[in-house]
Amino acid sequence: MPAARYFADSRAPRYSLLFALPLLLAYELAARLLMHPGTPDVRNGADVMLKSLFVWLGGRDGLLVFALVLAAVGLWFVVRDWRRHPGPLRAAVFGGMLGESVVLAILVGVLVRGVTAAVLQHVPLMMPDARGLSTSTQLMISLGAGIYEELLFRVIIVGSLAALCIRTLGMSTRGAGALAATVGALIFSAFHYIGPYGDHLELASFLFRFFAGIVFSVLFLVRGFGITAWTHALYDVFVTLSAVG
């Protein structure tokens with residue numbers, strides 16, 4: 001398969017969103033299996049934030065409405081893209097996307113750690129602890145980070161900011177993307193220090209997440225949602241497993 005065709009297809013909605021679907025299903029299934037009567041329902045924070053508005057508006061039925069809206073929007077993008085580019089899906093594209101996500105997850109860790117350590121120089125790079133969460137719960141939250149953090153911070157925040165800058169401020173695509181990525185990365189980093197499971201604010205971890213947010217934002221703008229979601233999830237999974245090992 002020509003490289004140009006692979007890069008174009010892999011960021012198209014019919015591939016990108018369908019590629020992210022197993023990640024979403026795996027996270028929701030894991031969250032259900034890890035629920036225990038009488039104990040708090042632990043989920044990814046971005047998941048909670050996105051669903052809270054629907055719960056506030058519709059009560060318990062709000063979760064169903066959220067699922068239906070998410071499915072309807074995703075299906076609309078996939079069908080529209082399929083009509084513009086008819087033809088069967090190619091398994092080789094999905095295989096390439098998975099391999100690319102694995103490689104990118106490793107490279108993201110190396111790049112962000114290196115940049116953060118260079119900026120801080122002699123300040124140790126401390127990673128947050130898991131606050132007593134089980135390994136299975138940490139892995140579930142990692143899967144949720146790929147789906148819901150990318151949906152909230154990259155698709156909604158970075159995407160909306162970039163579009164706003166282009167349409168209202170007349171900025172170039174690159175300039176709008178750079179500004180949106182920077183603002184989105186600051187919000188993304190700050191997000192990890194709020195709520196009952198939020199980490200203690202430290203310069204090292206804040207900068208680490210800020211640079212990670214920049215990388216994920218650029219990745220989203222260049223490679224699309226599916227690969228970014230899997231890259232983020234796999235990176236978090238690798239970090240969790242390395243800590244356990």
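This is a predicted model: local features need pLDDT of at least 70, side-chain atom pairs count only at pLDDT 80 or more; totals for chains, interfaces and linings use all residues.
Q: How many residues are in the largest nonpolar core?
A: It has 47 residues. A nonpolar core means buried Ala, Val, Leu, Ile, Met, Phe, Trp, Tyr and Cys residues joined through side-chain atoms within 4.5 Å. Buried is under 20% relative accessible area, exposed over 50%, partly exposed in between (1.4 Å probe, protein chains only).

Q: Which helix gives the most to this core?
A: α8, with ten residues. Helices here are DSSP runs (H or I, at least four residues), numbered from the N terminus.

Q: New topic. What do the buried residues of α4 pack against?
A: They pack against α2, α3 and α6; contact means heavy atoms within 4.5 Å. Those buried residues are Gly62, Phe66, Val78 and Asp81.

Q: How many aromatic pairs are there?
A: Eleven. Rings of Phe, Tyr and Trp (its six-membered ring) pair if their centres lie within 6.5 Å; planes under 30 degrees apart are stacked, over 60 edge-to-face, the rest tilted. One of the pairs is Phe54 with Phe66, edge-to-face at 5.3 Å centre to centre and 75° between the planes.

Q: Is each of those two buried or partly exposed?
A: Phe66 is buried, at 7% relative accessible area. Phe54 is partly exposed, at 24%.

Definitions and conventions
Residues are numbered from 1 along each chain as its sequence is written. Side-chain values use heavy atoms; hydrogens and water are left out. Helices (H or I, at least four residues) and strands (E, at least two) are DSSP runs, numbered from the N terminus.
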